[in-house]
Amino acid sequence: QVYLVETGGGLVQTGDSLRLSCTTSRRTTSMAWFRQAPGKERTFVAAIRLRDGTTNYTDSAEGRFRISRDNAKHACYLQMNTLRPEDTAVYYCAASNSPLLFGTISMYAYWGQGTQVTVSS
């Protein structure tokens with residue numbers, strides 16, 4: 001079993017930046033961020049393969065968000081810039097033992113409890 005803990009959420013204003021962090025209890029192969037807005041399904045944001053740093057982003061995150069990792073700390077980060085009200089959601093960190101970076105929920109066996117990000121207009 002792998003345990004994940006997310007930190008870094010909060011209330012910010014439009015245009016602000018926020019950095020989310022996720023630490024795992026042991027190393028996995030890939031990590032990702034998903035988000036779930038009120039009343040909507042959980043959707044993919046970004047993923048990273050820990051071995052070589054290869055990344056994958058959803059279109060709405062490309063250019064504004066950046067996923068990174070620190071293998072020594074078993075950590076993954078999501079730097080979010082130029083935040084918009086539509087980015088408001090609970091952000092979930094996920095981990096997988098697969099090297100594939102698909103944005104499919106079922107690809108990820110391990111999940112954190114989520115951290116709330118609220119962007120006010």
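**Close-up views of a predicted model**

View 1. The structure shown here is a predicted model. Cys93 is likewise a buried residue, with a relative accessible area of 0%. Cys76 takes part in no disulfide, and the nearest cysteine sulfur, which belongs to Cys93, is 5.3 Å away.

**View 2. The disulfide between Cys22 and Cys93.** The structure contains 1 disulfide. This bond joins Cys22 to Cys93, with 2.1 Å between the two sulfur atoms. Cys22 belongs to strand β3 (residues 18-24) and Cys93 to strand β9 (residues 89-96), so the pair ties together parts that lie 71 residues apart in sequence. The torsion about the S-S bond of Cys22 and Cys93 is about -85 degrees, and the disulfide is therefore left-handed. Cys22 counts as buried, because its relative accessibility is 0%, under the 20% limit that defines a buried residue.

**View 3. The open sheet that contains β3.** An open sheet is formed by 4 strands, which follow the order β1-β3-β8-β7 with antiparallel pairing. The edges are taken by β1 (4-7) and β7; each has a single partner strand, so one side of each is left without a neighbour in the sheet. On average, neighbouring strands of this sheet are turned by 15 degrees against each other, direction ignored. Strands of a sheet pair through backbone hydrogen bonds, in either a parallel or an antiparallel sense. For β1 and β3, the antiparallel pairing extends over 4 bridges. Within β3, Cys22 is the bridge partner of Glu6.

**View 4. The loop position of Ala72.** Ala72 is located in the loop between β7 (65-70) and β8 (75-80). With a relative accessibility of 75%, Ala72 counts as exposed, since the limit for an exposed residue is over 50%. Ala72 and Arg27 are separated by 45 residues in sequence, and their C-alpha atoms are 9.1 Å apart in space.

View 5. The structure has 1 cavity of 30 Å³ or more. For the largest cavity, the volume is about 40 Å³. The largest cavity is lined by Thr24, Arg27, Thr28, Met31, Leu50, Asp70, Asn71, His74 and Ala75. Sorted by class, this lining comprises 3 nonpolar, 4 polar and 2 charged residues.

Terms used. Residues numbered from 1 in each chain as written. Predicted model: local features only at pLDDT ≥ 70, side-chain atom pairs only at ≥ 80, totals over all residues. Heavy atoms only, no water. Disulfide = S-S within 2.5 Å. Helix = DSSP H or I, 4+ residues; strand = E, 2+ residues; numbered from the N terminus. Buried < 20%, exposed > 50% of the residue type's maximum accessible area, 1.4 Å probe, protein only. 1 Å grid on protein atoms, 1.4 Å probe; cavity = no way out; pocket = protein on both sides within 12 Å on 5 of 7 lines; lining within 4 Å. Points joined across faces, edges and corners; volume = space filled by probe spheres on them. Nonpolar A, V, L, I, M, F, W, Y, C, P; charged D, E, K, R; others polar. Pairing = 2+ DSSP bridges. Axes fitted to C-alpha atoms, helices over the stretch in contact; angles between N-to-C directions.
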